[in-house]
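I opened this notebook to record what I looked up around the ligand. The entries follow the order in which I checked things.

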Amino acid sequence: MRFGTLLKTLSTAAVLSAGAAATPATAEPAGPLESQTWSFTGPLGYYDEMQLQHGLYVYQTRCQACHSLGLVRFASLSGLDVSEEAIKALASTYEIPYINDDGDRDTRPGVMNDSFPWALDNPKRAIATYGKAPPDLSTMARARIGGADYVYNLLVGYDDAHEQPEGAYYNKVMKVIKMPNPWPADMSDFEYPNGTRPSLEQQARDVTAFLNWTADPYLEERHQWGIIVVLYMLALTVLSFLAYRVVAAKVHAKLEVEGGPDPEH
Ligand code: HEC
């Protein structure tokens, strides 16, 4: 009886979790993802710092009005090869909400230790405005099946020609999405700091690479450690083989002198 109850509980749990996995939209892409070549995939993957800086710029221009990066401290931007002065200057342009000494809600300029704040007032207002609260993007690139490819395909997947209910938009990756198309029809509002005027695909690639870095900032260190460990293991293998040869030679020599069973058998 008890065993039966256990089985029933387990199978209910399985059905529930299968149901959760099968819910559309957020967990799995609705269509096939066009896979991209990224510098950071594969065992020797690395980040292109210039691309990450461009991605940060795209995030600031096109995404931060709705999305926070609550797990990304300004100080960590040194990983993008940004100088400390530039980071301090950038942090101070953000208004960080806090409760002042009178107990009132207030804002102050950001410092190195703050993270990218949520520009929207509160989740209920966000839901009232967009129908859904824009999620924090810190770990998004690792939270979705397909990873960076998912984010990239979502960003380039809008098709405004499709009819949708009021307040919803069509996207190849999420058929009904509450996030408006982040790309304006006229891109002339946007130029990278080095003067290039990039395509939608370029901006989408750069911001995706940046979001992959926010979700996995230690990727390069991990890969470096991986290589060091493999080299260490190789060195150990060679050493133990040499040690075996020395010991085996001594045993052979001893047996030859003292006689005994044929050492080759
Ligand atoms: C006008 C507000 C707004 C802007 C600007 C915006 N988003 Fe969103 N975003 C949303 C909302 C709302 C959702 C929730 C959509 C839903 O679940 O239907 C969302 C969801 C997302 C998701 C998660 C999709 C999923 O799988 O659940 C990603 C990734 C994302 N946005 C990336 C971006 C990026 C990158 C930019 C900048 C290029 C950006 N967004 C700009 C409002 C915005």
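**Ligand and iron site**

I began with the backbone: a polar backbone atom of Lys178 is 2.9 Å from an oxygen atom of the ligand. I note that the model is predicted.

Next I looked up side chains. An N or O atom in the side chain of Tyr150 is 2.5 Å from an oxygen atom of the ligand. For His67, an N or O atom of the side chain is 2.7 Å from a nitrogen atom of the ligand.

I then asked which elements give two or more residues to the shell around the ligand. They are helix H2 (49–63) and helix H6 (148–155). H6 gives the most, with 3 residues.

The ligand has 21 residues around it, and the closest are Cys63, Cys66, His67, Tyr150 and Met179. By class I found 15 nonpolar, 2 polar and 4 charged residues in this shell.

My last entry is on the metal. Which residues coordinate the iron atom of the ligand? I found His67, through NE2, and Met179, through SD, at 1.9 to 2.1 Å. The iron site has 6 donor atoms with angles of 85 to 178° among them, and it is octahedral. His67 is in the loop between H2 and strand E1 (69–73), and Met179 is in the loop between H6 and helix H7 (200–215), so the pair ties together parts that lie 112 residues apart in sequence.

Methods
Residues numbered from 1 in each chain as written. Predicted model: local features only at pLDDT ≥ 70, side-chain atom pairs only at ≥ 80, totals over all residues. Heavy atoms only, no water. Near = heavy atom within 4 Å. Polar contact = N/O pair within 3.5 Å; in protein donor to acceptor, adjacent residues only side chain to side chain. Helix = DSSP H or I, 4+ residues; strand = E, 2+ residues; numbered from the N terminus. Nonpolar A, V, L, I, M, F, W, Y, C, P; charged D, E, K, R; others polar. Donors = N, O, S within 2.8 Å, 3.2 Å for Na, K, Ca; no water. Tetrahedral: all angles 85-135°; square planar, octahedral: opposite > 155°, others 65-115°.
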